[in-house]
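Here is a short briefing to read with the model open beside you.

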Amino acid sequence: MAAVAKKKGGFLDFFKNLFKRKERVSADAGERNNWKAWLYLAPVIILLSVFTFYPLINTVVIAFLKDYDYTTQVSSGFTFDNFLTVLTLAGKDASQNLVYKWNCTYDAALGSWVYNNGTELVKVYFQTDVLKYALPNTMIITFVTVPLSIIIALLISVCLHSIKAFQKIFQTIFFVPYVTNAVAVGMVFAVLFDSQGILNYIFGLGTYYWIDQTATHTSAMFALCVYIIWHALPYKILIFLSALQNIDKQYYDAAKIDCAGKFKTFMNVTVPMLSPQILYIMITSFIGSFKEYTSVVGLIGSAGTGGTNNMYTIVYYVYDCLKAPTTVSRGAAAALMLFVIIMIFTAIQFQVSKRRVHY
Amino acid sequence: MEYDSRNFIQKLFKMKSREEKQAEREASPEYQAIDTSSMTLVIKEGRANAAQLAKAQKVGRVISSIITYSFLLFMSVIILFPFYWMIITSLKNTTEIRASVQTFFPATVLWSNYITVFNTFDFVTYVGNTLLVGIISTIGTLITTILAAFAFARLNFKGKDLIFAILLATMMIPGEMMVITNYITVAKLPWYEFGVGLVNGWLGYTDTIFAAMIIPFWVSVFYIYLLRQNFKQIPNELYLAAKVDGKSDWQFLWHVMVPLALPTLISIFILKLMGSWNSYVWPQLVTAGHDSLRLVTNGLRSSFSTTSGEPQYGIQMAATILVTVPLLLLFIFFRKYIMKGVGRAGIKG
Amino acid sequence: MEIRLKNLTKCFPGNPKKGIPDTYAVNALDITIPDAKLVGLLGPSGCGKSTTLYMVAGLLEPSEGEIWFGDEDVTDLEPEKRGIGLVFQNYALYPHMTVYKNVAFPLTNLRIEEAVKDKDGNPVMDETGKPYIKKRKLTKDEIDKIVRETAKIVQIEQYLERKPNQLSGGQQQRVAIARALVKKPRVLLLDEPLSNLDARLRLQTREEIRRIQQSTGITTIFVTHDQEEAMSISDEIVVMKLGVEQQRGVPQEVYNNPCNKFVANFLGTPPINLFKGRIEGNKVYIGNEVVREITEKDVPDQECTVGIRPEGIIVDPNGSFTFECDRILTMGRDIMLVAEHPEATTNTKFIVDAFVEVSTGTVKCSVKPHKCFAFSLEGDELRII
């Protein structure tokens with residue numbers, strides 16, 4: 001990822017470069033090392049082929065298989081049904097037949113979608129968890145926690161950078177959450193957000209249910225975002241602080257001479273100078289928050305409050321799909337869609353940042 | 001390209017070019033009325049004398065440092081509070097934890113939570129499993145990383161850049177894509193059956209599960225990248241000198257490069273170990289149904305999440321502390337390596 | 001704006017535990033820089049001239065002493081409140097801003113002061129009878145006009161939309177000057193502004209700096225290690241060595257009357273020729289030759305260092321001074337002879353007009369008395385005559 005962020009030409013050029021064969025003619029070692037070099041690389045290439053490249057291709061294939069069952073390895077051809085199911089465009093009737101949404105009508109009296117199979121109207125059940133919960137939750141998590149944590153981390157690191165006394169101590173304190181276990185600290189936050197917990201006590205909220213089984217979706221999301229931001233800060237602070245320490249002090253001197261106030265210096269010198277790191281952090285944390293899962297497990301302990309799956313994230317859904325042999329291809333479809341979403345977002349960020357990032 | 005497209009858009013919407021806008025601006029009477037020579041430019045504070053400014057500046061400095069320090073202090077409290085609360089909750093009894101008046105220090109310090117944890121939560125087994133998995137996978141990673149980083153940093157071969165780019169590109173792929181197939185692969189191994197643990201081959205199911213938790217993690221593209229950068233900083237003259245001395249690449253790698261890159265290797269070792277300690281998803285999948293093979297994190301979540309009725313927070317927190325403390329100890333002793341290793345990633349892209 | 005430095009000292013504390021002593025970058029400097037003058041701070045690298053400049057700018061805090069701008073003590077003021085313009089050695093242009101934005105940036109931080117006028121256009125007075133003054137931000141048009149006018153002065157109008165890294169060193173330097181000038185500073189400080197330029201550009205730019213300074217009338221301090229640069233454009237130069245002022249004055253005056261061996265040696269290209277010599281009976285001797293008779297005052301007999309400017313040695317068949325000439329360097333207008341002399345501490349160089357015919361081998365010379373100095377061997381090697 002790091003190198004990707006560095007490439008000047010942006011996302012598309014990166015991929016152009018990727019497939020551009022650069023052959024370096026070197027005076028020293030040269031071609032003699034050829035087969036030896038491959039020996040050095042052999043372990044990595046073998047491991048990656050078995051555990052990365054093959055699974056990647058296989059997962060894509062599985063996503064398109066019809067009625068795939070991994071215990072028997074049997075499927076009945078290729079189809080888009082898995083994607084349609086994930087996207088609520090295909091559902092199943094009581095006898096497990098797949099029915100497409102465009103063949104159904106909504107029956108208000110029955111309160112469900114129905115399908116006329118020629119003889120009678122049958123109820124159709126759609127798998128709504130992804131569109132209803134997982135996707136919105138993932139988006140909320142991403143667009144709330146990423147910007148907020150970047151802004152807070154920037155503020156903290158600028159403050160840290162500006163002080164002399166106690167800098168080391170503060171720096172260490174702010175790094176501590178990095179070395180903790182996401183699940184373990186999630187459980188601590190569950191105690192903090194408990195209906196009879198300390199946060200309700202401090203803010204005088206009585207027995208407000210944040211994350212318990214009776215909690216609303218909003219309050220559980222709020223608690224989750226607070227926890228994710230808390231856990232995301234240390235890495236960002238560390239990166240920003242070391243980047244700040246690398247900025248040529250002369251630009252700050254110049255800003256002083258130019259009578260710029262503190263805020264103006266921050267906006268006009270610090271932020272542009274940090275822009276490569278901000279881009280790097282943005283891309284990595286976007287990817288990270290699209291894959292949020294363990295924080296939900298730690299904090300909530302299950303897929304949602306009130307017996308629903310309302311705290312689903314896309315990855316949570318993918319892992320839930322692994323529980324049954326027949327739902328795996330649906331999980332593969334969801335994972336593939338997640339991959340595409342991540343690619344699109346990364347590409348957008350590269351394009352948008354092209355003119356704003358100064359290397 | 002950029003300029004062309006702008007021109008096109010300008011023509012399309014009949015927008016004015018920069019030059020035209022400027023000419024228009026300069027032609028306006030208001031613009032021409034501006035007399036720059038008679039302007040009195042002053043700093044934000046206006047025209048005060050030096051003594052007043054110095055005083056204001058001193059006050060400003062004090063205020064800004066008060067604000068800075070109180071902000072940092074406030075944030076540190078937020079950062080540290082969960083840890084404090086974890087500790088004191090683990091020492092409280094359930095009634096006190098859920099009392100309507102919260103106490104910031106346990107009324108009676110209760111160690112029994114820890115005893116309960118050791119009785120119900122098989123901490124020692126889990127830690128043993130985790131250490132086994134962590135250390136073997138870390139050592140494997142170090143070996144593959146050193147070899148690959150050396151090849152990328154020092155050797156020349158056809159397609160080097162291409163392979164390196166492909167490796168870096170894999171970091172963008174969400175791991176879930178791989179997990180699905182890997183899970184199926186493990187699940188359909190002939191001698192293995194989830195939840196049953198059928199032993200029907202040269203490996204017992206315990207070995208299989210451990211192998212499944214270790215081998216896929218023997219390679220880390222990110223650390224290869226990190227170490228390659230480090231190797232690249234070692235001057236080429238050393239390599240050439242070693243060649244002149246008749247040392248082989250292999251000797252050079254282990255006698256010169258590895259000792260020189262030791263700090264980075266230590267960072268990688270510790271970070272990777274911490275990663276194993278914290279890994280949750282994959283072990284959770286492959287150890288399903290085999291509680292005795294679980295790693296700490298899985299054990300932690302599953303042991304206490306199913307408690308019916310009043311959650312046993314005191315016991316949960318005691319277990320959480322047991323999981324967190326080793327990490328914190330590692331952090332205290334290797335702070336420099338950890339922070340350097342993590343920080344190095346972001347610098348220089 | 002007159003600048004006065006009083007007992008200005010900058011001491012970087014050492015570490016007594018490790019036996020590192022305190023280092024004085026600048027030691028008890030007392031200088032007054034007259035209003036609207038261009039003053040060159042001159043000295044070899046490490047003499048504290050840049051430190052002095054940064055203390056005047058406020059970027060370094062003096063350990064001791066005071067800095068006065070006119071009748072204001074600005075010692076404790078932060079740089080942004082001093083109203084100065086500073087051109088950094090590497091220019092420190094903001095790499096992410098266009099030239100226009102670089103130059104406009106200081107203006108966006110400043111305010112404009114205006115007398116408040118009533119409906120009829122008469123200034124409003126406050127209780128004490130002074131006009132009531134209000135300050136406001138500059139409008140975009142005002143900024144634009146000032147930026148363009150300043151750009152015209154330093155001739156960078158055509159580069160306004162470029163980024164600094166698309167400019168040559170000389171252009172960047174002019175942008176840096178524009179950025180410093182745009183806010184009409186009370187004081188302009190230049191830190192080795194020409195060191196990154198090639199020889200031709202250097203010549204051109206230093207004339208430009210002179211022109212700009214004279215047209216704006218801003219008190220300017222100019223730091224350089226290049227004595228030619230300093231002497232050619234300064235109204236006054238201050239020669240420094242190891243944080244201590246050696247001599248100050250009009251460049252030609254300092255050149256003609258150096259106060260000690262260091263100043264004499266530092267000023268002038270090619271450098272002054274130094275010989276072992278002595279003073280006896282009010283006459284300066286090199287070996288057995290009298291090079292100068294002292295008529296101004298009585299000087300006790302002593303050993304000394306004799307310095308003769310290269311242009312002070314004249315090829316003269318009747319001269320009493322004999323050199324062995326090794327090489328003849330023709331440098332366009334002048335010819336330089338490189339010669340040896342048994343008492344000389346280095347090769348002796350002297351400059352001959354082009355029409356004098358010279359050849360290698362033994363050369364006879366005479367010495368212009370006012371180009372010949374004698375320096376004490378003790379202490380600061382002060383000039384004896």
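In this predicted model, Ile180(B) makes contacts across to chain A: beyond its neighbours within four places in sequence, Ile180(B) touches Thr59(A), Ile62(A), Leu322(A), Val328(A), Gly331(A), Ala332(A) and Ala335(A). The points below place that residue in its helix, its core and its interface.

**The helix around Ile180(B)**
- Ile180(B) is one of the buried residues of α9(B), along with Glu176(B), Met177(B), Met178(B), Val179(B), Thr181(B), Asn182(B), Tyr183(B) and Ile184(B).
- The cover over these buried residues includes α3 (34-63), α13 (314-321) and α14 (328-353) of chain A, as well as α15 (281-286) of chain B.

**Nonpolar cores**
- The largest nonpolar core holds 280 residues, and Ile180(B) is listed with Val188(A), Ala223(A), Ala334(A) and Leu189(C) as having the most contacts inside it.
- Helix α9 of chain A (residues 217-246) is the top contributor to this core, giving 16 residues.
- A second, separate core has seven residues, among them Val99(A), Cys104(A), Val124(A) and Phe126(A).

**Where chains A and B meet**
- Contacts join 91 residues of chain A to 80 residues of chain B.
- On the chain A side, α3(A) supplies the largest share, with 17 residues.
- That side of chain A consists of 62 nonpolar, 21 polar and eight charged residues.

**Domains of chain B**
- Chain B is assigned domain 1 (50-112) and domain 2 (121-306).
- The C-alpha centres of these two domains of chain B are 39 Å apart.

Notes. Residues are numbered from 1 along each chain as its sequence is written. Chains are lettered from A and ligands numbered from 1 in the order in which they are written. This is a predicted model: local features need pLDDT of at least 70, side-chain atom pairs count only at pLDDT 80 or more; totals for chains, interfaces and linings use all residues. A residue is buried if 20 or more other C-beta atoms lie within 10 Å of its own, exposed if 12 or fewer, and partly exposed in between; C-beta atoms are placed from the backbone. Helices (H or I, at least four residues) and strands (E, at least two) are DSSP runs, numbered from the N terminus. Two residues are in contact if their C-beta atoms, placed from the backbone, lie within 7 Å. Domain bounds come from an automatic or database domain assignment. A nonpolar core is a set of buried Ala, Val, Leu, Ile, Met, Phe, Trp, Tyr and Cys residues joined through C-beta atoms within 7 Å. Ala, Val, Leu, Ile, Met, Phe, Trp, Tyr, Cys and Pro count as nonpolar, Asp, Glu, Lys and Arg as charged, and the others, Gly among them, as polar.
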